[in-house]
Amino acid sequence: MKDLHFRDRAKAEELARVIARLAPSEPVKLVHVCGTHEVTITEFGLRSLLPPQVEILEGPGCPVCVTPVRHIDEAVALAEQGHIVATFGDMARVPGTHKSLEGARGAGADVRIVYSVADAVELARKTTKEVIFFAVGFETTAPTVAAAMLDTPPANFSLLVSHKLIPPAMAALLQGEHDISGFLAPGHVSTIIGTKPYEPFPRDYGMPVVIGGFEPLDILYSIALLLRQLREGEPKVENAYTRAVRPEGNPRAQAILSEVFEPTDHYWRGMGLIPGSGLKLREEFRDWDARAKFDLSLESESDEALHPGCRCAQVITAKATPDQCPLFLKVCNPRTPYGPCMVGEEGMCHIWARYGGRPKL
Ligand code: SF4
């Protein structure tokens, strides 16, 4: 059951007044990097409680949206080679260069929708066919996949790894010219990584960071803290989600992650190549690495391709909102998505479409 204590209307209105008092007169753009934050902000109409000069946008917080075309093409190629490819439901619908996994399934390939890596391992135990789990997600999902690898999965199981790391993507948003004033850091990811990985943001970029929870009051409180930091001119990392996030994060999950994976450079759709922003299996787990096990030499046309007219690259980098895309809720909607931000359930276009499609409800 949701905690109604964090949805108290009077307290929300009080926080809105605090935010109005703290807001500077010039425009402020705050960026979160988490689909769950966007769901709360949109579902509860929190943007309508903010003064007009305070904007909050979603950055690259939807793992499905940022998965590069090349990785989808690899998953499609594996399915077309006759193997079973297991993945999450929305991942199957994201377009690759020529088709999505769902398209491959329509043409006869064996693509299974699973809810966890454990389902995919179980599937491998029940078949003699090769089962490849398309492993997407951020620091929150990757530890469960790492734990499955430490349990020695069957020899006919392997991983197509596309896990990504949030702090390098946040840093990528700050390269070159930008108008970001502060980050609402993701609560779930922070339960794993703790507060330390955010320290470079105030130190090297003068950028306030507040780790926030997922209830409406969590988010309003975090926005108030970000505005207070801006007002005082003292950027720092603040943890406003202390009921779930410890400064050290989850050391056990971190240990499992680094035992199985190591950082690598990754493409992010709409953002290009970001150094150290992805994970790959360590050499000891090579036997379960689909890229080592199967022939995956393919020619993707681009690592970050989007359909012409799709503004996902701007949405993912907090430069546009869905309603600024001319295709939003016209040719592009959840039933016939045109771009990955409308496919991924954590994508800003999909979330806005689910809740009516208006910027301020
Ligand atoms: S509305 Fe559709 S086409 Fe426009 S940015 Fe979003 S996903 Fe792309």
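Reader: Where is the place of Ser181?

Author: The model before us is predicted. Ser181 sits in the loop between α8 (166-173) and β7 (182-186).

Reader: Is Ser181 buried or exposed?

Author: The general idea is to count neighbours, and a residue is called buried if 20 or more other C-beta atoms lie within 10 Å of its own. Ser181 has 21 C-beta neighbours inside 10 Å, and therefore it counts as buried.

Reader: Which residues does Ser181 touch, not counting those up to four places away in sequence?

Author: Ser181 touches Val28, Lys29, Leu30 and Leu230. For one of these, Leu30, the separation from Ser181 is 151 residues in sequence, but 5.6 Å in space from C-alpha to C-alpha.

Reader: How many of the contacts in the chain join residues 24 or more positions apart?

Author: Of the contacts with a separation of 6 or more, 77% are between residues 24 or more positions apart.

Reader: How many helices and strands are there in the chain?

Author: The chain has 16 helices and 11 strands. Its radius of gyration is 20 Å, close to the 21 Å that the globule rule gives for 361 residues, so the chain is as compact as a globular protein of that length. The C-alpha trace spans about 65 × 45 × 45 Å along its principal axes. Buried residues amount to 51% of the 361 residues.

Reader: In which sense do β3 and β4 pair?

Author: Strand β4 (residues 110-113) pairs with β3 in the parallel sense, over 4 bridges. Within this pairing, Ala86 has Arg112 of β4 as its bridge partner. Between the two strands the chain passes through helix α5 (residues 101-106), and this β-α-β crossover is right-handed.

Reader: How many bridges join β3 to β5?

Author: Strand β5 (residues 131-137) runs parallel to β3, and 3 bridges join them. Here Val131 in β5 stands opposite Ile84.

Reader: How many bridges join β5 to β6?

Author: These two strands also run parallel, with 7 bridges between them. Ala135 has Val161 in β6 as its bridge partner. The chain goes from β5 through α7 to β6 in a right-handed β-α-β crossover.

Reader: How many residues of β6 are buried?

Author: Strand β6 is mostly covered, with 7 of its 7 residues buried. Phe157, Leu159, Val161 and His163 point one way from β6, and Ser158, Leu160 and Ser162 point the other way.

Reader: Where is the place of Arg282, and which residues does it touch?

Author: Arg282 is in the loop between β11 (272-281) and α13 (290-293). Leaving aside residues up to four places away in sequence, Arg282 touches Val260, Phe261 and Glu262. Arg282 is partly exposed, with 14 other C-beta atoms within 10 Å.

Reader: Finally, which residues come nearest to the ligand?

Author: Of the 14 residues around the ligand, Cys310, Cys325, Cys332, Gly339 and Cys349 come nearest. The shell divides into 12 nonpolar residues, 1 polar and 1 charged. Helices α14 (312-316) and α15 (340-343) each supply at least two residues of this shell.

Notes:
Residues are numbered from 1 along each chain as its sequence is written. This is a predicted model: local features need pLDDT of at least 70, side-chain atom pairs count only at pLDDT 80 or more; totals for chains, interfaces and linings use all residues. A residue is near a molecule or strand if its C-beta atom, placed from the backbone, lies within 6 Å of it. Ala, Val, Leu, Ile, Met, Phe, Trp, Tyr, Cys and Pro count as nonpolar, Asp, Glu, Lys and Arg as charged, and the others, Gly among them, as polar. The radius of gyration is taken over C-alpha atoms; the globule rule is 2.2 Å times the number of residues to the power 0.38. A residue is buried if 20 or more other C-beta atoms lie within 10 Å of its own, exposed if 12 or fewer, and partly exposed in between; C-beta atoms are placed from the backbone. Two residues are in contact if their C-beta atoms, placed from the backbone, lie within 7 Å. Two strands pair if DSSP finds at least two bridges between them. A crossover is right-handed if, with the strands pointing away from the viewer, the path from the first strand over the helix to the second runs clockwise.
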